[in-house]
Amino acid sequence: MRACRLSLLVAAALSVAASPCAAAAFDPGPWRQDYAQLKQALEREYANLAWFASPQGGVDLPALDRATARALDSAENDAQAERALRDFVAGFGDGHFSFVPSLQPPAAEPVAAPPPADARRLDPAAGCAALGYDGGDARVPFSLPFESLPGFHLLDDGIAGPFRSGLMVTAQGARIGVVRLKEFSRESYPSLCVAAWADPEVVRAGDAQAWRSRLRARIDDDWYGALEAQLKRLAALGAQALIVDVGRNGGGDDSGDIATRLFTRKPLHSSPLLVSQSPTAAGYLDEQLDNLAQARGFGPDAQAIQVLDQQTERLRAARTDAREGRCDLSWVWRERRDWNGGHCRRLVEAGSAGGPLDNLPAGAYGNARVAKRLHWPIQMDDHWGAWDGPLYVLTDARTFSAAEMFAATLRNNGVARTLGQRTGGDGCGFMLSVEPLTLQRSRLRLRMPNCVRLRSDGSDEVAGIAPDLPLPPREGENARARAQRAIAAVVADWPARFGGAGR
């Protein structure tokens, strides 16, 4: 080190070229190019961009853009430049817009993946594990420790069966049912997979693909059936109000919308769905058009044919708009525009979160195969209305995605009250699976949502679901005390909000 300093001093004194000991200046140019690529991709694909560019979205995108550009310009090494991009993405607060692990270059001699194990040859527990059914036991307990409260009776533990549930009897005699929905993904319920393994229809399903399809269908049926049974059991035990706990629920699939129908006998409308004006979204619309075309082969009556024609025409127009319609969304880096201002948002109406139609009555058209291609929840209409009393949905900051859809649908339709904390704000994620974006120079990879679900006030669900009955943590208060507060809040609220004293 001393020799290096001396050589630099000599070079300076003699006005000659700098010593090779001096580090070369860092060039942020390639990182700026990656940033430009990322912004262009967001304009093309990111469904929530116009929302976050609005005052309602809560993010000052022009300011965030300027801050990112300054951070890149002042970066002194790759780590600082990468941090600037990561801070930019984090600035949106959208869990679905995020980095994913980078990939290593391909090996000189790639190793071929082995064929998947034939799960049918394994015992049920091992076979279900091979198919990816994972218990996720850490999410089984209630998100607030109701189990520890005096007067609480645990009915099911959520391990032997799919749903933890219990009945709280307060000192004043109020009876509050609690049921836990830990995830809206069947892979989190291995007990259902093991139980379905020996179903005769599954065993006789034929080849491996047909067998897996039949197993999945059996698990789906059993999930809704078990939930229906839990709700009816709580009603039979005299529950006057029900808390549905979706705290720490990371989301899952369309059951976040479908399952809402079990918690009321009132007709529900699925949330309006928008998709990004992009080829990716056009692919989703193509899938829906294929489903409507298939429905014509299932013997629809004249009324159903008329609806199929109407929805086909509407989705074709949306597909054309997604593939061909373009507007310039680069304004988001220069100014903020009102979400409802009628300007370019690069979004296409795509029906609802429940399919082309947002609502159908049970038994619609007398043809379930046709009806469920118009409105997906209809496939489980024999389970609807298992509960019909005062309803509360418990959320926290780790309630995401499909769990937010569940809470929002019940709240939007005015059949439930929310309590707890604002949800995490992931909103709608991906209506069609696509490869992540790879930045050309750094090779960082990102995923970005291609859909938006709207609340009843027209806002983007990515803003999160605020609780009607907030339960913020208090200094010096433990989780048991907050659980007790949740029960007290429900007991105080339901007579005025739902009329009467419960069921």
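Two strands pair if DSSP finds at least two bridges between them. Helices (H or I, at least four residues) and strands (E, at least two) are DSSP runs, numbered from the N terminus. The model is predicted: local features need pLDDT of at least 70, side-chain atom pairs count only at pLDDT 80 or more, and totals for chains, interfaces and linings use all residues. Residues are numbered from 1 along each chain as its sequence is written, and side-chain values use heavy atoms, with hydrogens and water left out.

Strand β8 (residues 391–395) runs parallel to β9, and 4 bridges join them; Y392 has R417 of β9 as its bridge partner. Together with helix α14 (residues 402–412), β8 and β9 make a right-handed β-α-β unit, meaning that, with the strands pointing away from the viewer, the path from the first strand over the helix to the second runs clockwise. β9 also pairs with strand β13 (residues 469–470), in the parallel sense over 2 bridges, and here G420 is partnered by P470 of β13.

In a regular strand the side chains alternate between the two faces of the sheet. In β9 both faces are covered: R417 and L419 on one side, T418 and G420 on the other, are all buried (under 20% relative accessible area, with exposed over 50% and partly exposed in between; 1.4 Å probe, protein chains only).

Helix α2 comes next. Its 17 residues should span 24 Å at 1.5 Å a residue, and the end C-alpha atoms are 24 Å apart, which agrees; the expected span is 1.5 Å times one less than the number of residues. The buried residues of α2 include W31, Y35, L38 and L42. The buried residues of α2 pack against α3 (49–52), α4 (61–74), α5, β10 (437–438) and β11 (445–447), contact being heavy atoms within 4.5 Å.

Y35 leads on to the aromatic rings. Rings of Phe, Tyr and Trp (its six-membered ring) pair if their centres lie within 6.5 Å; planes under 30 degrees apart count as stacked, over 60 as edge-to-face and the rest as tilted. The structure holds 20 such pairs. One of them, Y35 with F88, is edge-to-face, at 5.1 Å centre to centre and 80 degrees between the planes. This pair links distant parts of the chain, 53 residues apart: Y35 lies in α2 (residues 29–45) and F88 in helix α5 (residues 78–90). Both Y35 and F88 are buried. Y46 and F52 have ring centres 6.5 Å apart and planes at 20 degrees, so that pair is stacked. Y35, Y46, F52, F88, F92, F97 and W333 form one aromatic cluster.
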